[in-house]
Amino acid sequence: MPSGGDHQQNQAEQLLLRELKNPRTRNAAFEKLVVAYQQPLYYHIRNMTRSHEDTDDILQNTFVKAWRYIEQFRGDAQLKTWLYRIATNECLTFLNRQKKRALSDLTDVQDNLAHSQTHQDTTSGEEIEARLKAAVDSLPEKQKLVFHMKYFDDLKYHEIQEILGGSVGSLKASFHHAVKKIERFLQAG
Amino acid sequence: MKDHEKYPEDWQQEAPLLSGLPRKEPDAAPEGYFERLPNRIFDRIQELEAHSQGIADDGPIVPEPTERPLYQRNRFRNWSIAAGLALLAASAIFWWSFPENSLTIGDDLWASAQIGNLSDEAILAHLELADLDPETVTGMMGDQAMAAIEADLHDLDQQETMDYLMDEDWQDLRLEDIDLGDLSDLQFQIEQEL
C-alpha cells in the first residue's frame, strides 16, 4: 500500500476493494490486504491480549472473517477501519471469554497483572515499559481501547470513530482522561 | 511507529512523563512470523471452505443435544405398529368367523356379496331348512333388504310377469299348495305395475 495523503490512500483502497470483489482477482487482492495490514493489526491485538499465541489466533480469525464478509462490505467505511473493527470485536470477545473462564472481574485480573509487572526485577527501560503496561491495564475498558488506538496504533480520531462508534468529541475526552490517569500512575512510581 | 515528536502538543503538555517515554513496539512478533502468515491464513480459509464451516461470531457452534419425543422413538413406534396389526387381525378373524346359519339377518349382511351371490333356490332351500315362513323371513329382513326386493319387482315389465305366471311350474302347482294370501299380494303388485 503506497504511503501518502488520505486521498491517495482512499483511491488505493477503492481499487483494492474492487479487486477483492472480483472472483478472478480476489485471491491476489486478499494477499495484498493481508500483507498491508497484518503488522498494525498484530500490534493492535497484541497490546490487548499480551500473548503471541492468542494474538495469532485472533489475527487469523480477523482475516478469515474479512474473507467471508468482504462481499457484504459496502465500502461506506475504509477497509482499514473495517479490519480494525473486526479485530477489536474479536479481542473483546476473547477477553470476555477469558474473564468468564477465570470467574473473576476483568479489572481484577489486569490489576494483578499490572501489580506483578511493576514488581519484577527488570532493567530501567524494561521497568518503564512494564509500568506503562500496568498503567494502561488499570484503565477502564473504553479508555483503554481509545488509548491503544491513539497512542500505540496512531489512528486518527475519525478512524477510531469508525471502529468504536460514538462522537469524535467523546473519543477525545476518553483519550485525555486516559492520558491523565497514566501520568498520575507514572508519577506515583 | 512514528517518532514521538509527531504527537499532538496538547496531550504532551498534559502528560510530560508519558510523552517523554521512548516509543517502540511493546511486544515483538517471532522471527519470520509475518512472512508465513498469509499462507497460513489461506490454508485455514481453504480448510474451512472444504468443510463448509464458518466461524461464528461468538466462537465454535456446538449443536444442542436434542431429545426425541416419544412418538419418534423406534421402540415405541414398533410396538404401536404391532398393536395396530394385532387389532386388524382380530377384526378380520371376527368378521370371517361370522357363522353362516345365524338367524339374525340384518341389512348389512343381506346386502353383502356372500348372500347376493346365492341363487334363489339356495335361499329357499335354506329357509325351508330353517323352517321359516315367509312372514317371519320378511320380518327378519331389514329395510335395505325389502327395498332391494321391491326394486326388483318394479324392474319387472308386464311381459316378464306374464311369462312367469304362464310358466309350466306354476301350472303344475296344486291348488292346495298355493297360499291365497300370497297370490292376492302378487296380483295386487301386478295390477299396480299395469
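Predicted model: local features only at pLDDT ≥ 70, side-chain atom pairs only at ≥ 80, totals over all residues.
1. Some ground rules: local features need pLDDT of at least 70 and side-chain atom pairs pLDDT 80 or more, while totals for chains, interfaces and linings use all residues. Residues are numbered from 1 along each chain, chains are lettered from A in the order written, and side-chain values use heavy atoms without hydrogens or water.

2. The contact (heavy atoms within 4.5 Å) draws 35 residues from chain B and 42 residues from chain A. Together the chains bury about 3700 Å², 61% of it on carbon and sulfur atoms; buried area is the accessible area (1.4 Å probe) lost on being put together, summed over both parts. B:L18, B:D27 and B:F34 supply 17% of what chain B buries against chain A, more than any other three residues.

3. One salt bridge is counted between chain B and chain A, with a Lys or Arg side-chain nitrogen within 4 Å of an Asp or Glu carboxyl oxygen as the criterion. The side chains of B:R40 and A:D56 form a salt bridge at 2.7 Å, N to O.

4. On chain B, α3(B) gives the largest share of the side touching chain A, 11 residues. Helices here are DSSP runs (H or I, at least four residues), numbered from the N terminus.

5. Worth a look in α3(B): B:Y33, B:F34, B:L37, B:P38, B:I41, B:F42, B:I45 and B:L48 are buried, meaning under 20% relative accessible area (1.4 Å probe, protein chains only). The buried residues of α3(B) pack against α2 (26–49) and α3 (52–69) of chain A.

Note on methods
Buried area = accessible area lost by both parts, 1.4 Å probe. Helix = DSSP H or I, 4+ residues; strand = E, 2+ residues; numbered from the N terminus. Buried < 20%, exposed > 50% of the residue type's maximum accessible area, 1.4 Å probe, protein only.
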